[in-house]
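Here is a short report on the model below. Please keep the sequence and the 3D view at hand while reading.

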Amino acid sequence: MAILVTLKSPIAAIGREVLDFTQHLGSLFLFFMWGFVLIFQPPFQFDKFRQQVYFIGMKSVFVICLTGAFTGMVLGLQGYYALVRYGSTAALGSAVALSLVREMGPVLTAIMIIARAGSSMTAEIGIMRISEQIDALRTMDINPMRFLVSPRIAAALICFPLLTALFDVVGLYGGYLSGSALLGLNPAFYFARAQSSVEMSDIIGGFIKSIAFAVVVVTVCCFQGYYTHTRAEFGAKGVSISTTSAVVISCVLVLVTDYVLTTFLL
Amino acid sequence: MKQSSVELGVGVFVLLGIICVGYLTLRLGEIEVLGDKYYQLNARFKSVSGLKVGAQVEIAGVQVGQVESIALDPKDQVAMVRLKVKAVIVLGDDVIASVKTAGLLGDKYILLSPGGSGKLLKPGDMIIETEPALDIEALISKYAFGKVNE
Amino acid sequence: MTRSPLIQLKDVVKTLGANRVLNGVNLSICRGEITAIIGKSGSGKSVLLKHVIGLYEPDGGAILFDGRLRAAMTPAERRALKNKFSYVFQDTALFDFLNVFENVALPLKERNALSLAEVSRRVRDKLHQLDLHDVEDKYPAQLSGGMKKRVALARALVTDPEIVLFDEPTTGLDPIRKNAVHSMILDYQRRFGFTGVVVSHEIPDIFFISQRVAMLDEGRIVFEGGPDEIQEAAAPEVKNFIQGLESPRDDLTGIASHSIGQNRLLQEMSRLQRYRIPFSIVLLAMDNLEDVDRIAGHVVAQTVFKAFANHVTQNTYITDTCFRFDINKILVVLPDTNEEQARDFCRKLSRTMQSHALFGSIEPVKGFCYSVSAGVAQANKDSGPDELIAAAGQRVAVFYECRN
């Protein structure tokens with residue numbers, strides 16, 4: 001009897017975990033769909049949308065430029081020393097451009113936006129939840145999903161690809177800076193190889209990734225904030241834990257999604 | 001005041017983003033917006049190993065077009081490559097198309113070597129003379145294992 | 001009884017987590033009345049209020065509006081119903097990212113199809129009435145607690161709701177602001193005629209403004225009745241609760257509380273009956289406190305009332321008892337005093353009030369007249385305290401006017 005219990009309970013625990021995970025995934029998906037559909041419910045919330053584009057997009061420009069430049073520079077540096085062994089430093093342009101456009105651009109942009117905007121999204125919505133502001137919206141017959149989540153989803157869907165493009169371009173010039181300006185590679189080679197190796201399908205793939213990351217990040221971050229009150233911890237503690245888990249979960253999911261999408265896009 | 005600064009910021013951001021997207025798609029992705037006029041030619045190769053759609057088509061090192069599609073001819077088991085060549089380029093029917101590599105490990109491209117024939121190729125025509133891709137690995141192994149004169 | 005219940009809760013049951021918070025609540029809320037819900041912390045008062053507005057759905061039981069079951073309403077009807085409600089949250093729940101004006105405008109903007117000009121006119125009106133027009137560009141984080149409460153109230157009232165629910169509107173406020181909020185609720189209730197439900201800890205202050213009191217304990221309503229009845233309620237949990245919370249002194253004025261005063265009145269009554277020691281009462285009322293409210297704001301009105309109460313206490317002897325009788329009334333019990341001596345007391349009070357600036361700290365409003373009236377009655381051993389107070393209430397004369 002005792003053996004049966006010890007045998008049963010870990011399996012049951014695994015089963016419970018799997019069920020919990022599946023349920024969580026389902027509720028995340030429904031949360032996103034619900035928020036997404038409400039974007040199109042008139043009257044459109046241009047003001048809030050604009051505010052969020054400003055917050056997610058404009059305020060991230062500097063940090064994206066910075067990280068993009070240094071990512072490109074380090075790619076140029078590493079790529080140069082790796083390629084110089086084979087005497088094919090001319091391929092630096094394509095190495096930098098392809099790794100930026102396909103992988104580094106979308107992924108690092110997403111992770112930077114998580115750090116900059118995603119965490120504060122969770123904290124802001126979480127605080128609204130614990131200070132009853134979301135309940136207040138409901139008493140005013142304002143749909144909090146539409147009011148809070150939809151503009152963020154719409155803005156993220158716009159901002160992620162644009163910031164990714166910015167990251168790519170800045171990174172490309174960063175690679176040029178370290179490869180050509182510092183290490184003396186012919187700039188014409190660099191850009192010619194970058195141009196000839198990157199194809200439209202790579203760029204489209206990069207944008208598909210960045211849009212997928214936008215969905216993942218904004219859903220996880222808004223969800224964590226929106227359901228802060230269902231945590232065991234209350235108040236400020238709950239918000240801080242929500243924020244932490246939003247950042248961790250969305251970073252992990254971005255990398256997982258990246259792998260899955262790469263297998264499809266290659 | 002505050003509202004208008006937000007608007008300005010959003011405007012700057014969107015403009016910047018669109019410029020970057022434009023740069024990526026037009027310069028790197030090489031989408032022709034206004035575009036030159038092209039016509040198509042087909043060529044059959046024994047092997048196009050390493051050639052990709054979008055690869056350059058050159059004459060004497062000058063880019064004159066792109067590889068539009070690569071497919072297998074199911075009947076003869078050879079590669080069917082469709083090229084698009086700028087309309088201003090006229091080619092005789094004895095042109096030779098060969099798959100070349102830029103450098104030892106570089107990208108593959110197609111080199112057209114025009115002949116002297118007076119008969120011109122029309123759009124959709126087939127280039128008869130082709131040279132397949134050089135199999136560098138096979139070449140190297142031949143040198144390495146001394147079976148060159150086989 | 002001609003009371004018509006607007007909202008009825010029948011056997012409402014709610015379990016949150018492992019706690020059964022509501023365990024069969026029966027409550028009727030009547031049109032045009034203010035119903036106070038009192039009870040210990042954590043007894044489910046807020047949860048009850050959230051059921052009324054529909055933030056929570058009951059696990060069992062029914063909630064009826066105008067005799068109609070909410071669960072049976074169509075979504076459109078529910079929305080229409082929700083639009084009749086406003087809810088004032090305990091922690092104000094103002095939106096941090098909107099300024100005062102936008103906060104108050106939000107329910108109008110999102111709810112009604114009003115033009116922007118109309119919205120801003122109504123919002124400005126409401127802000128002006130609540131004395132908030134100076135802060136309309138500020139953000140909630142820049143405001144004091146009392147101001148935030150007023151903004152929350154403005155936001156709740158801007159839609160002209162039929163039913164306003166207040167979740168502990170006065171927690172964390174000082175006595176003057178606390179009373180200001182109470183008088184604000186009463187004032188607005190009289191002016192706009194909404195039905196109010198107030199969850200509160202403020203005993204006995206809350207009794208001044210409510211027509212109906214319900215006490216929630218362990219998930220059930222253990223008492224429902226008028227504010228006078230609860231003082232005499234027999235059930236031990238009600239009695240303990242009321243006495244435990246009621247401080248012997250009135251928060252605002254520092255004079256004795258209502259129940260102490262009532263007890264004193266009864267003692268004097270029995271002394272009169274046993275030893276034939278006469279006593280008189282003086283019922284002092286600030287007649288136009290409501291006008292002060294309207295013109296100068298509720299905080300000023302409460303400060304005035306506090307100053308007035310100070311004058312009264314300074315003129316009483318140690319044996320006299322004065323206590324807060326109503327939101328704008330003070331009852332003075334003068335033992336061993338006949339009616340003529342009581343009139344002397346009034347005259348003396350009037351003189352000190354004339355000579356001292358009554359409202360020293362407050363800038364007088366030009367052309368405004370503060371008036372205080374007094375009703376004097378000598379006790380008569382055949383009649384009870386209620387009749388005595390009624391007699392004093394009838395013989396009222398204005399004895400002080402301060403014209404600026």
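Accessible areas come from the Shrake-Rupley method with a 1.4 Å probe, and for residues only the protein chains shown count as cover.

This is a predicted model, in which local features need pLDDT of at least 70 and side-chain atom pairs count only at pLDDT 80 or more, while totals for chains, interfaces and linings use all residues. Residues are numbered from 1 along each chain as its sequence is written, chains are lettered from A and ligands numbered from 1 in the order in which they are written, and side-chain values use heavy atoms, with hydrogens and water left out.

**Chains B and C**

Buried means under 20% relative accessible area, exposed over 50%, and partly exposed in between (1.4 Å probe, protein chains only). Helices (H or I, at least four residues) and strands (E, at least two) are DSSP runs, numbered from the N terminus.

Chain B runs α-β-β-β-β-β-β-β-β-α from its N terminus. Its accessible surface is about 9,200 Å², with 60% belonging to carbon and sulfur atoms. A contact means heavy atoms within 4.5 Å. Of the contacts in chain B with a separation of 6 or more, 62% are between residues 24 or more positions apart. In chain C, 70% of contacts between residues at least 6 apart in sequence join residues at least 24 apart.

**A helix crossing in chain C**

Helix H6 (residues 175-192) and helix H12 (residues 298-314) of chain C have axes that come within 8 Å and cross at roughly 115 degrees. Axes are lines fitted to C-alpha atoms, for helices over the stretch in contact, and angles run from 0 to 180 degrees between N-to-C directions. Residues of H6(C) that meet H12(C) include Ile176(C), Ala180(C), Met184(C) and Tyr188(C). On the H12(C) side, Val299(C) and Gln302(C) are among them.

**A nonpolar patch on chain A**

Which elements give two or more residues to the nonpolar patch? A surface patch of about 860 Å² is made by Ile204(A), Ile208(A), Val248(A), Val252(A), Val256(A), Tyr259(A), Val260(A), Phe264(A) and Leu265(A). Helix H8 (200-226) and helix H9 (235-265) of chain A are those elements. H9(A) gives the largest share, 7 residues. Patches are made of residues with over 30% relative accessible area and no salt bridge, with like charges joined within 9 Å and nonpolar side chains (Val, Leu, Ile, Met, Phe, Trp, Tyr) within 5 Å. A salt bridge is a side-chain nitrogen of Lys or Arg within 4 Å of a carboxyl oxygen of Asp or Glu. Val260(A) lies in helix H9 of chain A. Val260(A) is partly exposed, with a relative accessible area of 37%.
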